[in-house]
Amino acid sequence: MTLPNVPPVSVAMRDLSGMSWQAPALARKFTRERLTSWGLDHAVNDARTIVSELTTNAVRHGGDGPLTVSLTAHALLPVLLLSVTDRGRPGGPLRALHPDEDAETGRGLAMVEALAALWSWTHTARTTTVWAVLPLSPLPADTRTS
């Protein structure tokens with residue numbers, strides 16, 4: 001499968017530093033616009049969900065420091081790499097929680113886990129990057145009849 005409108009390797013990045021609670025909405029908008037321009041409309045909803053959850057966690061746990069959303073597509077690989085980097089706090093491993101159904105928070109990484117083929121994180125001395133690989137299903141066949 002070759003992805004439409006995607007150059008051999010496409011990387012789009014958006015700096016959302018200092019945007020605080022506006023960041024998740026801006027990240028969703030950026031993701032929709034970029035994926036649409038790459039002809040990946042069919043992946044927009046899942047990608048927006050993942051980016052929104054990762055950005056929300058970055059704001060909640062990383063504060064108003066540096067915050068960057070990155071989208072990477074390769075024309076020959078049917079996956080998207082979605083990542084969010086913040087100033088993070090080094091610590092233990094990140095994990096998806098499975099809260100009680102009455103809980104108001106705690107589902108973000110579980111949603112990422114459900115949508116992504118793979119996800120993980122990297123801590124450095126100054127940043128935390130959480131990334132997810134979103135599989136791209138083949139484009140639906142044209143089933144219209146004349």
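User: What should I know about the model before we start?
Analyst: This is a predicted model, in which local features need pLDDT of at least 70 and side-chain atom pairs count only at pLDDT 80 or more, while totals for chains, interfaces and linings use all residues. Residues are numbered from 1 along each chain as its sequence is written, and side-chain values use heavy atoms, with hydrogens and water left out.

User: How many helices and strands does the protein chain have?
Analyst: The protein chain has three helices and five strands. Helices (H or I, at least four residues) and strands (E, at least two) are DSSP runs, numbered from the N terminus. Along the sequence, their pattern is β-α-α-β-β-α-β-β.

User: What percentage of the residues is buried?
Analyst: Of the 146 residues in the protein chain, 37% are buried. Buried means under 20% relative accessible area, exposed over 50%, and partly exposed in between, with a 1.4 Å probe and protein chains only.

User: And what share of the contacts joins residues 24 or more positions apart?
Analyst: Among contacts with a separation of 6 or more, 65% are between residues 24 or more positions apart. Contact means heavy atoms within 4.5 Å.

User: Let us turn to H1 and H2. At what angle do they pack?
Analyst: H1 and H2 pack at about 150°, and their axes are 8 Å apart. H1 is therefore roughly antiparallel to H2. Axes are lines fitted to C-alpha atoms, for helices over the stretch in contact, and angles run from 0 to 180 degrees between N-to-C directions. Angles under 35 degrees count as roughly parallel, over 145 as roughly antiparallel, 65 to 115 as roughly perpendicular and the rest as oblique.

User: Is the H1 and H2 crossing left-handed or right-handed?
Analyst: H1 passes H2 in a right-handed crossing. A crossing is left-handed if the near helix is turned anticlockwise from the far one by less than a right angle, and right-handed if clockwise.

User: Which residues meet there?
Analyst: From H1, they include Ala23, Pro24, Ala27 and Arg28, and from H2, they include Val44, Ala47, Arg48 and Ser52. The residues of this contact divide into eight nonpolar, five polar and three charged. Here Ala, Val, Leu, Ile, Met, Phe, Trp, Tyr, Cys and Pro count as nonpolar, Asp, Glu, Lys and Arg as charged, and the others, Gly among them, as polar.

User: Is Ser52 buried or exposed?
Analyst: Ser52, in helix H2, is buried, with a relative accessible area of 9%. Leaving aside neighbours within four places in sequence, Ser52 is in contact with Pro24 and Arg28. Ser52 and Arg28 are 24 residues apart along the chain, and their C-alpha atoms are separated by 6.0 Å.

User: Now H2 and H3: how do they cross?
Analyst: The axes of H2 and H3 come within 9 Å and cross at roughly 150°, so these two helices are roughly antiparallel to each other. Their crossing is left-handed. Among the residues making the contact are Asp46, Ile50 and Glu53 of H2, and Gly108, Leu109 and Val112 of H3.

User: What do the buried residues of H3 pack against?
Analyst: In H3 (residues 108-115), Gly108, Leu109, Ala110 and Val112 are buried. The buried residues of H3 pack against helix H2 (44-62), strand S4 (118-123) and strand S5 (128-135).

User: Which residues does Val112 touch?
Analyst: Not counting residues up to four places away in sequence, Val112 touches Ile50, Glu53, Leu54, Trp119 and Ala132. Val112 is buried, with a relative accessible area of 1%. Trp119 lies in strand S4 and is also buried, at 14%.

User: Which residues have the most contacts inside the largest nonpolar core?
Analyst: They are Trp38, Ile50, Val69, Leu80 and Leu82, in a core of 31 residues. A nonpolar core is a set of buried Ala, Val, Leu, Ile, Met, Phe, Trp, Tyr and Cys residues joined through side-chain atoms within 4.5 Å. H2 supplies the largest share of this core, seven residues.

User: And what does Leu80 touch?
Analyst: Its contacts include Leu35, Trp38, Ala47, Ala132 and Leu134, not counting residues up to four places away in sequence.
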